[in-house]
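Good morning, colleagues, and thank you for making time for this presentation. I would ask you to keep the sequence and the structure in view while I speak.

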Amino acid sequence: MFNETSFEVFQVEGLDERMAAIRKDIQPVFQSLNEYFKDKLEPEVEDELFIHIAQHIRRTVHPPENTWSALSRQKRGYKMEAHFQLGIFPEYVFMWLSIIDQPKGKEQMADALLAHPEWWTNLPKDFVFNKDHTKSDYEPLTHESFEKALQRLKKVKKSELQIGRIIPKDSEWDLERMRQYMLETYQALVPIYIGLKEVGE
């Protein structure tokens, strides 16, 4: 599970050195947790899910400021549609339903979310959203702010949107509580995932 060592990875200088630390201290956690979530979520989404772990292969100089993994029904990639994402910034661990890197049907997904506010207005109070997967900024999930973000997702070509929860670095949770909180986050997002999946079919 994520611990103090996980966050210390982002203090390692150098691309090769940090990537070695990510492979050693974070990616095994991604693999283990995603295997657990995959088993729990597949019956709920009625699809096979594939585990993807970011390798940051396009980086040649600068080490990654965050790293992540994904669960997607697409075997060859995950960014072409909405997907579940688990990752870590120096400040927190995140669990998102992600629409990033201009997937096909992005505007239709925004329209679906605007047309079905019941998908997201009744989510737990500690849900937040993020508008750029490369940045650690996030906002509380309110009707007004999220609706504005959805309009942006629809109209701005390079816009992104992620919704879910975070676990701050200084949280003192045991393994089972943290894992259960993560699973409950994804389960709460399943109706949105299914709705957006249907948009793309």
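Let me begin with a term: a residue is called buried when its relative accessible area is under 20%, exposed when that area is over 50%, and partly exposed in between. Please also bear in mind that this is a predicted model.

With that cut-off, consider Y181: its relative accessible area is 14%, so Y181 is buried. W173 has a relative accessible area of 24% and is therefore partly exposed. These two residues form one of the 13 aromatic pairs in the structure. Their ring centres lie 4.8 Å apart and the planes stand at 90°, which means that the pair is edge-to-face.

I turn now to helix α3, which covers residues 27-45. At D39 this helix bends by about 30°, and within four residues comes a proline, P43. Directly after α3 we find E46, with a positive phi near 55°.

Which residues of α3 are buried? They are Q27, V29, F30, L33, N34, Y36, F37, L41 and V45. Their packing partners are helices α2 (15-25) and α6 (175-199), together with the strands β1 (50-53), β2 (67-72) and β3 (83-88).

Two of these buried residues, Y36 and F37, also belong to an aromatic cluster, in which ring pairs link them with F84, Y186 and Y193.

Leaving aside residues up to four places away in sequence, F37 touches L71, L86, R179, M182, L183 and Y186.

In soluble globular proteins, nonpolar side chains tend to be buried together. Here the largest nonpolar core has 53 residues, and those touching the most other members are F2, F37, F84, L86, I163, M182 and L196. At least two residues come from each of α2, α3, β3, β4 (92-99), α4 (106-115), α5 (143-155), β7 (161-168) and α6. Which element gives the most to this core? That is α6, with ten residues. There is also a second, separate core of ten residues, W68, Y78, Y92 and W96 among them.

Notes
Residues are numbered from 1 along each chain as its sequence is written. This is a predicted model: local features need pLDDT of at least 70, side-chain atom pairs count only at pLDDT 80 or more; totals for chains, interfaces and linings use all residues. Side-chain values use heavy atoms; hydrogens and water are left out. The bend at a residue is the angle between axes fitted to the seven residues ending there and the seven starting there. Buried means under 20% relative accessible area, exposed over 50%, partly exposed in between (1.4 Å probe, protein chains only). Contact means heavy atoms within 4.5 Å. Rings of Phe, Tyr and Trp (its six-membered ring) pair if their centres lie within 6.5 Å; planes under 30 degrees apart count as stacked, over 60 as edge-to-face and the rest as tilted. A nonpolar core is a set of buried Ala, Val, Leu, Ile, Met, Phe, Trp, Tyr and Cys residues joined through side-chain atoms within 4.5 Å.
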